[in-house]
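Work through the questions below with the sequence and the model in view.

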Amino acid sequence: YLGPGGRLLRPHDLRLHVYHGGVEPGLRKVVWRYLLNVFPAGLSGQERLAHLRRKAGEYTALKTLLAARAAPAELALVGAAVRKDVVRTDRGHPYFGGPEEGHPHLAALQALLTTFALGHPRLSYCQGMSDVAAPLLAVLDDEAQAFLCFC
């Protein structure tokens with residue numbers, strides 16, 4: 001589905017292929033970003049990498065800004081709601097397995113969902129959002145990219 005320079009030529013055909021046949025696990029990291037509209041149309045491979053770097057920087061700045069701007073009570077309330085689900089994440093999955101304390105992937109999931117909730121105060125956090133975000137994080141293995149896909 002990619003042409004010269006790595007541009008997606010047939011997005012509709014890609015979506016139909018995925019709809020009818022799924023996505024091979026090894027390709028999910030690439031395909032999900034297309035399916036979830038992370039990339040603007042027509043980007044080359046190099047432009048996609050630059051886009052991801054720029055968006056990662058924007059995510060880091062947003063996460064810092066929202067955490068600093070939130071009232072301590074709001075931050076504690078949102079953090080507690082998110083934490084209830086984060087600790088229930090499928091710990092049998094290798095990505096989330098191991099001790100809870102200091103687990104980097106659980107911390108990334110917590111940060112991703114807290115940032116989303118603070119950035120969308122009318123929606124905030126709803127039980128089960130972690131069930132959507134956890135597979136994104138596990139497959140992409142990148143907090144900022146998982147945030148983009150989740151949004």
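Q: In which helix does H51 lie?
A: This is a predicted model. The helix in question runs over residues 45–69. H51 falls in that span, which is helix α3.

Q: Is H51 buried or exposed?
A: The cut-off for buried is under 20% relative accessible area. H51 has 5%. H51 is therefore buried.

Q: With which side chain does the side chain of H51 make a polar contact?
A: A polar contact needs a pair of N or O atoms within 3.5 Å. The side chain of H51 has such a contact at 3.0 Å. The partner is the side chain of R54.

Q: Which residues are in contact with H51, leaving aside its neighbours within four places in sequence?
A: Contact here means heavy atoms within 4.5 Å. With sequence neighbours within four places set aside, H51 is in contact with V38, F39, P40 and L43.

Q: Where is A67 placed, and is A67 buried or partly exposed?
A: A67 belongs to helix α3. Its relative accessible area is 35%. Buried would require under 20%, and exposed over 50%.

Q: Which residues does A67 touch, not counting residues up to four places away in sequence?
A: Residues up to four places away are left out of the count. Beyond them, A67 touches L75 and L118.

Q: What distance separates the C-alpha atoms of A67 and Y125?
A: A67 and Y125 are 58 residues apart along the chain.

Q: Which backbone oxygen does the side chain of T115 reach?
A: The side chain of T115 makes this approach at 2.8 Å. The backbone oxygen belongs to A111.

Q: Which residues are in contact with T115, leaving aside its neighbours within four places in sequence?
A: The threshold for contact is heavy atoms within 4.5 Å. Leaving aside neighbours within four places, T115 is in contact with Y59, L62, K63, L66 and F147.

Q: What is the phi of S124?
A: S124 is found in the loop between α5 and α6. At 21% relative accessibility, S124 counts as partly exposed. Most residues other than glycine have a negative phi. S124 has a positive phi, near 55°.

Q: Where is D141, and what is its relative accessible area?
A: D141 is another residue other than glycine with a positive phi, near 55°. Its place is in the loop between α6 and α7. D141 is partly exposed, with a relative accessible area of 49%.

Q: How many helices and strands does the protein have?
A: From the N terminus on, the elements run α-α-α-α-α-α-α. The count is seven helices and zero strands.

Q: What share of the contacts with a separation of 6 or more comes from residues 24 or more positions apart?
A: Of the 151 residues, 38% count as buried. Among contacts with a separation of 6 or more, residues 24 or more positions apart account for 57%.

Q: Which domain does UniProt list for residues 22–151?
A: The span is 65% helix and 0% strand. Its end C-alpha atoms lie 22 Å apart. The unreviewed UniProt entry lists these residues as "domain: Rab-GAP TBC".

Definitions and conventions: Residues numbered from 1 in each chain as written. Predicted model: local features only at pLDDT ≥ 70, side-chain atom pairs only at ≥ 80, totals over all residues. Heavy atoms only, no water. Helix = DSSP H or I, 4+ residues; strand = E, 2+ residues; numbered from the N terminus. Buried < 20%, exposed > 50% of the residue type's maximum accessible area, 1.4 Å probe, protein only. UniProt positions renumbered as here; feature names shortened; annotations may be inferred. Polar contact = N/O pair within 3.5 Å; in protein donor to acceptor, adjacent residues only side chain to side chain.
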